[in-house]
Amino acid sequence: MKILNRYFSRQLVAIFIMLLLVLTGLAWMMQIMSMMKFLLKYGVDLGSFLGLTALMIPFIASIIVPFVCFIAVIFVYNKMISDNEVTVMASSGLSPVQIAKPAIKLGLILTILNIILSAWIVPKTQARFYDMQWNLKYGMAHMKLQEGAFTEISNGLVVYVDKVSDHDLNQVMLSDMRKSNSTSTIFAETGKLVSTARGLSLMMSNGALQSSGNQNVTGTFDTFDMDLNIVEKNGSHSFRARRVSTGTLLRVAFDAETKKQQKMILSELSTRFLSPFMNLILAALCATILLRSSLLRRRTSFAPVVAVAAMAATMALYMSLSNMLGSMTDFVLLAGFLGLLFVGIMVVLTKK
């Protein structure tokens with residue numbers, strides 16, 4: 001029995017790893033294509049761009065792992081049934097539970113690993129992703145000024161610099177035409193780029209300002225501080241539950257500012273702690289359908305189709321329920337439902 005378990009476990013693990021690498025790679029390539037604007041619009045170097053997109057890999061993996069687990073189980077067990085290996089094992093006295101043990105064991109291991117990935121690794125990488133994305137769009141990494149050339153920072157905002165030394169600038173000219181009814185032109189002897197919570201700020205010294213609009217303004221200044229971007233890095237509108245640590249998310253779950261935010265938090269908690277159990281449920285569900293169909297001496301050609309349909313229905317039901325969570329009581333009830341669902345699958349598997 002141990003030899004058979006090791007044999008099928010090796011097949012399951014090999015197929016799982018191969019599928020995980022392929023599907024994660026494809027999803028990563030799609031992510032790269034969707035974020036090409038960072039290369040084209042913001043002038044980000046290739047290394048920073050690939051580093052940014054690579055931070056999405058843990059999140060992608062956490063989403064597709066249950067599906068990859070299901071595909072691995074259906075592939076290996078369907079092959080076993082086609083080769084009559086299941087019939088031979090059943091004839092030798094092995095029960096359906098014993099035959100399904102490698103699949104259930106794989107699902108259990110992946111459930112534990114997926115919880116670790118979703119609850120701790122993904123929030124850290126997502127927080128790093130959003131910080132890096134913001135910096136590439138609005139921070140120091142976004143600013144690449146060339147000496148003796150006009151640089152368009154954003155629509156209607158152009159900067160000319162005679163000399164650049166790190167973040168220190170000499171002989172600066174700035175033209176601000178972002179507002180259609182008001183234009184400003186600023187000249188300064190020196191300037192310095194500073195990163196703030198609102199984005200980039202240009203601090204200029206010893207210069208002159210000309211502004212036209214409702215009122216024409218002309219004057220000189222010793223120092224002048226100008227925001228180059230009006231984008232709050234940590235504003236309330238930028239709240240994303242995905243990048244919040246699990247500890248913080250659990251603390252604020254009871255103190256959410258709005259009902260909508262509470263639903264967002266509960267949905268995220270469901271993704272981190274309940275979605276990983278779909279590895280175990282889908283693996284057991286697939287093994288049960290295939291093995292019961294085979295051992296009952298029915299045609300097995302439709303069993304994989306039935307398994308896929310059952311998987312789709314189960315995932316659709318779970319996703320619908322997780323999106324309807326409105327309180328921690330609902331969260332506990334959903335967890336209880338998943339537990340009962342697994343128990344029901346195991347009852348069907350062990351039924352003689």
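The secondary structure of this predicted model comes to eleven helices and six strands. Helices (H or I, at least four residues) and strands (E, at least two) are DSSP runs, numbered from the N terminus. Of the 352 residues in the protein, 43% are buried; buried means under 20% relative accessible area, with a 1.4 Å probe and protein chains only. Among contacts with a separation of 6 or more, 63% join residues 24 or more positions apart. Contact means heavy atoms within 4.5 Å.

Because the model is predicted, local features need pLDDT of at least 70 and side-chain atom pairs count only at pLDDT 80 or more, while totals for chains, interfaces and linings use all residues. Residues are numbered from 1 along each chain as its sequence is written, and side-chain values use heavy atoms, with hydrogens and water left out.

**Second largest pocket**
- The second largest pocket has a volume of about 280 Å³.
- A pocket is an open set of points on a 1 Å grid over the protein atoms alone, where a 1.4 Å probe fits, with protein on both sides within 12 Å along at least five of seven lines.
- The volume is the space filled by probe spheres set on the points, which are joined across faces, edges and corners.
- The lining of this pocket has 15 residues, and Ile 63, Ser 275, Met 315, Tyr 318 and Met 319 lie nearest its centre. Lining residues have an atom within 4 Å of a point.
- Helices H4 (57-82), H8 (259-273) and H10 (303-323) each supply at least two lining residues. H10 gives the largest share, five residues.
- The lining divides into seven nonpolar, eight polar and no charged residues.

**Ser 322 in H10**
- Ser 322 lies in helix H10 and is buried, at 8% relative accessible area.
- Ser 322 touches Ser 267, Ser 270 and Leu 334, leaving aside residues up to four places away in sequence.
- Lys 263 is 59 residues from Ser 322 in sequence, yet the C-alpha atoms are 9.3 Å apart.

**Ser 184 in S4**
- Ser 184 sits in strand S4 (residues 182-196) and counts as buried because its relative accessibility is 18%.
- The side chains of Ser 184 and Ser 211 make a polar contact at 3.4 Å.
- Leaving aside residues up to four places away in sequence, Ser 184 touches Leu 174, Ser 175, Asp 176, Gln 210 and Ser 211.

**Helix H3**
- Phe 49, Leu 52 and Thr 53 are buried in helix H3 (residues 46-54).
- They cover an arc of only 95° around the axis, so they lie on the same side of H3. The arc is that of the directions from the helix axis to the C-beta atoms.

How values were computed. Buried means under 20% relative accessible area, exposed over 50%, partly exposed in between (1.4 Å probe, protein chains only). A polar contact is a pair of N or O atoms within 3.5 Å; within protein, one must be able to donate a hydrogen and the other to accept it, and residues adjacent in sequence count only if both atoms are side-chain atoms. Ala, Val, Leu, Ile, Met, Phe, Trp, Tyr, Cys and Pro count as nonpolar, Asp, Glu, Lys and Arg as charged, and the others, Gly among them, as polar.
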